[in-house]
Amino acid sequence: MALPPNFLDNIRDRISVSDVVGRKVKLTRKGHEFVGLSPFKNEKTPSFTVNDQKGFYHCFATGEHGDIFTFLMKTEGLQFMEAVEQLASQAGIEVPKATPEQQAKEKRKASLYDATETACRYYQRMLRSSEGRAALAYLKERGLSDQTIARFRLGYAPSNGEGLRSAAIGDEVEMEQLLGAGLFRKSTRGGDPYAFFRDRIIFPIADRRNRVIAFGGRFMGDAKAAGVGKYINSPDTPLFDKGRTLYNHAEARQACHDGQTLIVAEGYMDVIALAQAGFEAGVAPLGTAVTPEQIQELWKMHNLPHMSLDGDEAGQKAAGRAADRAMPILQPGKSLSFVFMPEGEDPDSLILSGGPKAFQETIDNAMPLDAFLWNREYAHAPTQTPEQKADLERRVFELADQIPDETVKKHYRSAFSQRMWEAFRGQKQKKSASGRFRENRGANHGNAPHARNPLGRRLRQEANELSRRQQQIVLATMTNHPTLFDLYEETLDRFQFDQDLDKLRAGLQKINSFVEVLDAETVRAHLIEDGMQALLDLVLTDQVYSLARQARTDAEEQDARLLLDHMLKIRQQDEIVGELGRRNRAGLNEPSTEEETRIFAMRNDLDHGEYLIGEDGED
């Protein structure tokens with residue numbers, strides 16, 4: 001929902017940054033600012049500042065920077081509107097109401113929350129009753145403490161659903177709400193509605209705000225004999241979408257923000273056992289393989305969720321489905337990692353037998369997504385003949401080509417090519433009668449020529465100097481023409497900056513995120529305030545301006561845009577040329593398109609200065 005103009009500013013005017021931050025950080029006034037220990041990093045010397053006049057906080061240790069809304073999102077894992085609602089309530093401001101249709105929908109959902117909360121409390125009481133004695137004993141046998149049972153609000157649904165009906169009447173919850181929340185079902189034989197969960201241990205399922213929206217139930221009898229599922233979940237409702245929901249989402253999100261690794265287990269008991277053992281950032285899909293929507297939710301909590309799966313064939317298949325569903329939505333910095341349990345173990349049983357240390361060892365040996373995919377495809381079929389090798393290459397490149405982000409796709413293709421080269425080189429060495437001699441000769445062949453080739457060293461040095469000059473030009477242009485930030489943020493992502501210059505790149509992007517009115521003078525002032533004067537001196541130089549006059553502050557914006565377009569094209573050409581060179585070294589195919597061949601020839605012919613930037617800003 002779009003917020004009215006100035007609504008956020010009204011909240012900022014009523015609540016200071018120090019008020020919000022002060023609830024989590026002990027602040028000490030120092031001049032016009034407050035200082036304290038960073039909430040984003042363990043430290044002994046304060047590097048965290050809060051400036052109420054400017055309305056932001058800044059952490060010099062980590063580079064985190066933002067306002068009151070950002071702080072809640074970063075430290076409590078809230079979504080933006082959740083942070084707005086919380087701060088608006090604190091400020092005594094009512095969040096604008098939705099349309100009448102939206103209000104009616106929200107009102108109905110609110111009544112369903114009443115129903116699920118009533119049911120949750122009822123199930124909890126029943127677990128401690130005489131009817132729930134067997135269910136409680138089962139949970140205790142599985143090693144759960146009373147504290148853990150209470151924390152996850154575990155319960156029991158008796159065989160007779162009349163108790164829930166009576167509890168609902170006492171809480172003024174009507175049957176329509178019970179039906180809408182999936183707690184009761186209408187009879188197909190004309191009888192009264194009946195309870196959906198009967199004779200089952202109950203696992204409440206909460207949303208990201210920790211509101212109960214559904215339930216999972218484990219059957220207490222012989223499920224097969226009764227013709228029912230051992231585990232069932234609530235049906236989809238206005239509150240609950242099984243394919244988008246994660247069990248223990250709210251608790252895991254906070255644990256991730258506190259620094260824990262996100263673990264995706266297969267079931268309720270695994271998540272609960274993990275939490276009891278100290279691994280509190282655990283979630284689980286709800287009875288199905290993880291969906292693309294759930295993967296997106298995982299990435300909102302952690303850049304690298306660890307998929308904790310059984311080590312048997314079923315676990316391998318589940319891992320394969322998760323990997324395949326992740327490929328079409330991969331993006332820079334976001335991936336999956338795979339943790340396989342020892343044969344016959346799951347997280348719950350492994351922790352019971354070996355303790356938290358045994359499980360941590362599996363986390364420490366997690367397998368990256370690209371390695372898992374390679375191992376799966378390499379083991380799929382023999383690779384002894386040229387045709388078999390070509391088939392492997394086709395399969396892995398088809399996987400990489402599913403990735404929409406060109407940069408990520410490029411690196412996956414490169415990683416798979418490197419693995420093929422290593423695997424096929426290893427096959428050759430095994431077949432050789434003098435394998436060790438050939439291996440040593442191969443190592444010398446790969447390294448020695450560089451060591452004894454002065455021309456090669458000089459060319460590499462020139463290439464590095466050229467790359468650095470390109471980086472300086474891009475950063476100088478962005479610094480002097482900050483109005484181009486939004487148009488060319490992707491340009492910054494496409495460039496691989498040297499370690500020192502990457503700090504300036506991060507500083508520029510941070511300023512673009514949090515400063516509304518941008519001009520070159522303001523940008524430089526913020527960068528200097530953040531301690532980047534020396535980096536600016538490296539970038540804003542006469543040497544840079546002599547090569548690219550369009551980067552200067554007095555250049556026309558259109559000329560600066562042409563320059564950035566040119567620099568991006570250069571980087572794309574470099575990527576293709578690098579790919580060609582790598583494929584050539586790996587003994588793979590020749591250039592596959594006329595464009596690649598043309599660029600390869602052009603790059604060989606161009607002079608460094610002309611390549612960097614022409615007099616008129618064109619290729």
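Visitor: Which residues of helix H11 are buried?
Guide: This is a predicted model. Helix H11 spans residues 249-257. Buried here means under 20% relative accessible area. The residues in H11 that are buried are His 249, Ala 250, Ala 252, Arg 253, Ala 255 and Cys 256.

Visitor: What covers the buried residues of H11?
Guide: Both helices and a strand take part. The strand is S13 (282-283). The helices include H3 (68-76), H4 (80-91) and H13 (292-301).

Visitor: What is the phi of Gly 259?
Guide: Gly 259 follows H11. Its phi is positive, near 105°.

Visitor: At what angle do the axes of H3 and H4 cross?
Guide: H3 passes H4 in a right-handed crossing. The two axes come within 9 Å. They cross at roughly 115°.

Visitor: How do the residues of the contact of H3 with H4 divide?
Guide: From H3 come Ile 68, Phe 69, Leu 72, Met 73 and Glu 76. They meet Phe 80, Ala 83, Val 84, Gln 86 and Leu 87 in H4. The division is 8 nonpolar, 1 polar and 1 charged.

Visitor: Which are the edge strands of the open sheet?
Guide: The sheet has 5 strands with mixed pairing. Their order is S13-S12-S14-S15-S16. An edge strand pairs on one side only, and that holds for S13 and S16 (367-368).

Visitor: What is the bridge partner of Leu 309 in S15?
Guide: Strands S14 (residues 306-309) and S15 (residues 337-340) run parallel. 4 bridges join them. The partner of Leu 309 is Phe 340.

Conventions
Residues numbered from 1 in each chain as written. Predicted model: local features only at pLDDT ≥ 70, side-chain atom pairs only at ≥ 80, totals over all residues. Heavy atoms only, no water. Buried < 20%, exposed > 50% of the residue type's maximum accessible area, 1.4 Å probe, protein only. Helix = DSSP H or I, 4+ residues; strand = E, 2+ residues; numbered from the N terminus. Contact = heavy atoms within 4.5 Å. Axes fitted to C-alpha atoms, helices over the stretch in contact; angles between N-to-C directions. Left-handed = near helix turned anticlockwise from the far one by under 90°. Nonpolar A, V, L, I, M, F, W, Y, C, P; charged D, E, K, R; others polar. Pairing = 2+ DSSP bridges.
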